[in-house]
Amino acid sequence: MAPRIAIIYYSMYGHIGKIAEAEKSGIEAAGGKADVYQVKETLPEEVLSKMHAPGQSSSIPFITPDELEKYDAFLLGIPTRYGNFPTQWKAFWDQTGKQWQTGGYYGKYVGVFISTASQGGGQESTALAAMSTFTHHGMIYVPLGYATAFATLANLEEVRGGSPWGAGTFAGADGSRMPTEQELSLAKTHDWSGGVVANTAAAPSSNQQEPVAAVGTTATSGTTGAGNGASDGTKATTVGTNNPDHVNKSEGAPAAEPVAEKKESGPCGLPFKCVIL
Ligand SMILES: Cc1cc2nc3c(=O)[nH]c(=O)nc-3n(C[C@H](O)[C@H](O)[C@H](O)COP(=O)(O)O)c2cc1C
């Protein structure tokens, strides 16, 4: 059964709202269904008017913590504040103490898309900062990754927001830059219905390389929630041990296989030349 996906965002000037639409259309193009929600404004009118904020969309409903529990997967749209969640998002999470205690979001998939003013403004650190919230709720973070997005993420022809952490856009210092075609198309590749969630909820795919398959098994076997999560935790602890014997064994195994020389290479050596042993 197709996962029920909630796309939830906060957007002060509309950039993240535009990416949310692209995320939804990507999911729908793949045959899935996603509902779009907002989180509520928290700043006073006086401040918002000084910030020239146009106000929130009246056509997008607001999510509540209980409503969110009904979904299998969440895609969160975050306009960065100092490389972190804006307070409006934080205020939402601060209402989820019940779900934190009862595991209401435990084992559910979560991804992010992010807007910053500029390059280096915190797209990746915003995603990283969100990990603590995801971890405390026991949610399973699913990044955009490179599998469907390599060509765009490796394209340096134009300025572009988004990263393997999630789709994204640059708003510009004054908010005048809107999401580009490339950024919107990157958001559409974040296909959680046919691509990410459906595949990760099933058995790990056979074409994954060994180390990736191991991670995929750990991160994605949560089709039945808490039970899988518990076994995942055990695995993560084993891999993360400081025992030097363990480290040597796990590092030694793949190294025994000779790596065939790559026959093709691009002009800059990627992706064929660069083999990570
Ligand atoms: C208080 C404040 C802090 C911000 N901090 C950052 C920042 O650390 N890095 C950055 O690139 N942009 C920063 N921005 C710009 C916002 O990220 C930008 O306005 C937002 O991504 C636009 O998306 P939206 O139209 O969906 O709200 C900040 C904006 C505000 C108002």
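Start by selecting helix H8, residues 181–188, and colour Glu-183, Leu-184, Leu-186, Ala-187 and Lys-188, which are buried (20 or more other C-beta atoms within 10 Å of the residue's own, with C-beta atoms placed from the backbone). Helices here are DSSP runs of H or I with at least four residues, strands are E runs of at least two, and both are numbered from the N terminus. Those buried H8 residues pack against H1, S4, helix H7 (150–153) and strand S6 (168–170).

Before you click on, note that this is a predicted model: local features need pLDDT of at least 70, side-chain atom pairs count only at pLDDT 80 or more, and totals for chains, interfaces and linings use all residues. Residue numbers run from 1 along each chain as its sequence is written.

Next, pick H1 (15–29). Its 15 residues should span 21 Å at 1.5 Å a residue, and its end C-alpha atoms do sit 21 Å apart; the expected span is 1.5 Å times one less than the number of residues. Buried residues in H1 include His-15, Ile-16, Glu-23, Lys-24 and Ile-27. After H1 comes Gly-31, with a positive phi near 90 degrees.

Now show the ligand. Around it are 19 residues, of which Tyr-13, Ile-16, Ser-115, Thr-116 and Gly-121 come nearest (near means a C-beta atom, placed from the backbone, within 6 Å). H1 and strand S4 (109–116) each supply at least two residues of this shell.

Then go to the largest nonpolar core, which has 42 residues; Ile-5, Ile-7, Ile-8 and Val-112 touch the most other members. Such a core is a set of buried Ala, Val, Leu, Ile, Met, Phe, Trp, Tyr and Cys residues joined through C-beta atoms within 7 Å. Elements giving two or more residues to this core include strand S1 (4–9), H1, S4 and H8.

Centre on Val-112. Leaving aside neighbours within four places in sequence, Val-112 is in contact with Leu-76, Ile-78, Ala-127, Ala-130, Trp-165 and Gly-166 (contact means C-beta atoms, placed from the backbone, within 7 Å).

Hop to Gly-166, in the loop between H7 and S6. Gly-166 counts as buried because it has 30 C-beta neighbours inside 10 Å. Not counting residues up to four places away in sequence, Gly-166 touches residues including Phe-113, Ile-114, Pro-143 and Leu-144.

Finally, zoom out: the protein chain has twelve helices and six strands.

Methods: A residue is buried if 20 or more other C-beta atoms lie within 10 Å of its own, exposed if 12 or fewer, and partly exposed in between; C-beta atoms are placed from the backbone. Two residues are in contact if their C-beta atoms, placed from the backbone, lie within 7 Å.
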